[in-house]
2 protein chains.
Amino acid sequence: MIETGTEPESRAERKLRTRRAILDATLELCSDSSLNALSLRQVAKQVGIVPTAFYRHFDSIESLGLALVEESFDSLRDLFRDVRRNARADEDIVDGSIDALVDHVHRRRDHFGFIARERVAGPRSVRGAIHREIELCERELATDLALMTGTDAWTGKDLHVLSALFVSVLVSTAEQILSTTRVEQEEQIIATVRTQLRMLLIGVYQWRSER
Amino acid sequence: MIETGTEPESRAERKLRTRRAILDATLELCSDSSLNALSLRQVAKQVGIVPTAFYRHFDSIESLGLALVEESFDSLRDLFRDVRRNARADEDIVDGSIDALVDHVHRRRDHFGFIARERVAGPRSVRGAIHREIELCERELATDLALMTGTDAWTGKDLHVLSALFVSVLVSTAEQILSTTRVEQEEQIIATVRTQLRMLLIGVYQWRSER
């Protein structure tokens with residue numbers, strides 16, 4: 001146990017600290033696989049607690065996973081807020097979004113990796129929670145895209161379709177950045193997505209919703 | 001053991017049949033998780049062989065995974081060939097691609113699911129193999145996109161960027177189709193990707209490569 005201050009640690013503080021240690025250990029343990037491959041016993045061992053102590057914090061690996069989804073989407077929401085802020089500035093929405101994406105992925109590689117993996121390979125309830133969170137991001141982004149030049153006459157439906165496409169490209173780019181540690185390769189990924197978003201924007205400016 | 005005919009089964013035939021049983025058992029066992037969560041013992045038990053018999057067919061779970069990547073990409077290549085055939089027909093590239101995608105995902109749900117999961121959550125070597133196969137698909141698609149109306153003056157680089165975007169959208173759509181079993185939801189996914197590809201194509205027709 002590491003002492004964090006000179007004051008003796010309260011029971012509540014200690015509980016919070018153990019909870020944090022469980023979350024961090026889980027992010028680390030499943031960084032190369034999935035929650036499905038993880039046992040409660042492994043997590044307890046990594047944290048240095050007895051398996052039964054785990055239950056003081058979480059009911060199951062699944063509910064631990066749901067807590068990590070919530071925490072990871074706090075990171076993702078930060079990203080989307082920055083992207084949306086740049087979307088509102090309009091002019092350099094492409095460069096602005098990509099810069100925000102790269103910056104956030106670098107800062108919270110663990111969270112982004114967790115979402116990328118559990119989204120397709122996690123327990124069913126965790127996949128469902130991620131799906132709902134991504135939909136929420138799409139809906140929020142659609143609201144902001146409505147304020148962008150060129151989408152004035154778009155239907156709400158088309159705005160959501162565009163927003164979902166935008167989110168798909170961001171998710172795919174984040175996954176590619178996560179899969180490399182080489183700078184030249186990352187630069188290539190970024191150059192590609194920059195051109196992709198520019199191609200896409202040209203379509204947006206020409207698009208007319210059917211009513 | 002099930003007898004497949006009246007002729008006694010040869011040693012080679014039996015070996016092939018067990019290999020097939022191992023591949024099928026693995027697709028089934030990791031259908032809700034990832035190869036990383038799978039032990040050789042589990043596979044052997046499911047097939048009904050002793051663990052040591054596994055090694056007559058594969059060196060490890062990882063090399064079994066690589067065999068499944070190869071097999072799954074045979075399915076994916078069929079899809080991409082159909083998509084590219086439709087791309088060449090040009091006129092209904094959007095509807096044609098989506099029809100091909102939905103049809104193939106329905107037919108080989110196991111292969112598409114395997115690729116979707118192992119792409120992000122599988123062992124490193126398996127992730128690498130999938131990555132290379134997807135790049136190959138992108139390169140082949142780029143060659144065909146070059147023949148499409150509107151891309152005559154495009155650089156090879158831009159063609160590859162467009163091809164990668166196209167593949168991203170198809171991958172993301174396949175993942176969404178895999179995540180639902182409800183018909184109305186699938187119809188919604190299809191309607192969304194149809195509009196997305198149309199938006200994208202409008203951009204393509206307007207795009208001029210910088211030289």
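A few ground rules come first. Residues count from 1 along each chain as its sequence is written, chains take letters from A and ligands numbers from 1 in the order in which they are written, and side-chain values rest on heavy atoms, with hydrogens and water left out. Since the model is predicted, local features need pLDDT of at least 70 and side-chain atom pairs count only at pLDDT 80 or more, while totals for chains, interfaces and linings use all residues.

Take the two chains together to begin with.

As for the interface itself, 32 residues of chain B are in contact with 33 residues of chain A, where contact means heavy atoms within 4.5 Å. Between them the chains bury about 2,900 Å², and 67% of that is on carbon and sulfur atoms; buried area here is the accessible area (1.4 Å probe) that two parts lose on being put together, summed over both. Six residue pairs are in polar contact between chain B and chain A, both residues being at pLDDT 80 or more. A polar contact is a pair of N or O atoms within 3.5 Å; within protein, one must be able to donate a hydrogen and the other to accept it, and residues adjacent in sequence count only if both atoms are side-chain atoms. On the chain B side, the elements that give two or more residues are α6 (109-121), α7 (124-145), α8 (156-178) and α9 (183-206). Helices are DSSP runs (H or I, at least four residues), numbered from the N terminus. By class, that side of chain B has 14 nonpolar, 10 polar and eight charged residues, with Ala, Val, Leu, Ile, Met, Phe, Trp, Tyr, Cys and Pro taken as nonpolar, Asp, Glu, Lys and Arg as charged, and the others, Gly among them, as polar.

Now for the charged pairs. Side chains of opposite charge can pair when their charged atoms come close. A salt bridge is counted when a side-chain nitrogen of Lys or Arg is within 4 Å of a carboxyl oxygen of Asp or Glu, and over all chains the structure holds 24 of them. Two salt bridges run between chain B and chain A. One pairs B:Glu175 with A:Arg119, the closest N and O atoms being 2.8 Å apart. A:Arg119 also has a salt bridge inside its own chain, to A:Glu175, at 3.0 Å between the closest N and O atoms. That pair links distant parts of the chain, A:Glu175 in helix α8 and A:Arg119 in helix α6 of chain A, 56 residues apart. A:Glu175 is buried at 9% relative accessible area, whereas A:Arg119 is partly exposed at 22% (buried is under 20%, exposed over 50%, partly exposed in between, with a 1.4 Å probe and protein chains only).

Chain B has salt bridges of its own. B:Arg17 pairs with B:Glu9, with 2.5 Å between the closest N and O atoms; B:Arg17 is partly exposed at 25%, but B:Glu9 counts as buried at 18%. B:Asp95 pairs with B:Arg194, the closest N and O atoms being 2.7 Å apart. This bridge spans 99 residues, from helix α5 (residues 93-107) to helix α9 of chain B. Both ends count as partly exposed, B:Asp95 at 26% and B:Arg194 at 28%.

B:Ser34 sits in the loop between α1 (11-29) and α2 (40-47) of chain B and is buried, at 1% relative accessibility. A polar atom of the B:Ser34 side chain lies 2.9 Å from the backbone nitrogen of B:Asn36, and the backbone oxygen of B:Ala121 lies 3.0 Å from a polar atom of that side chain. Leaving aside neighbours within four places in sequence, B:Ser34 is in contact with B:Glu118, B:Ala121 and B:Gly122.

A:His106, in helix α5 of chain A, is partly exposed at 43%. Beyond residues up to four places away in sequence, A:His106 touches A:Ile177 and A:Glu186, and a polar contact of 3.0 Å joins the side chains of A:His106 and A:Glu186.
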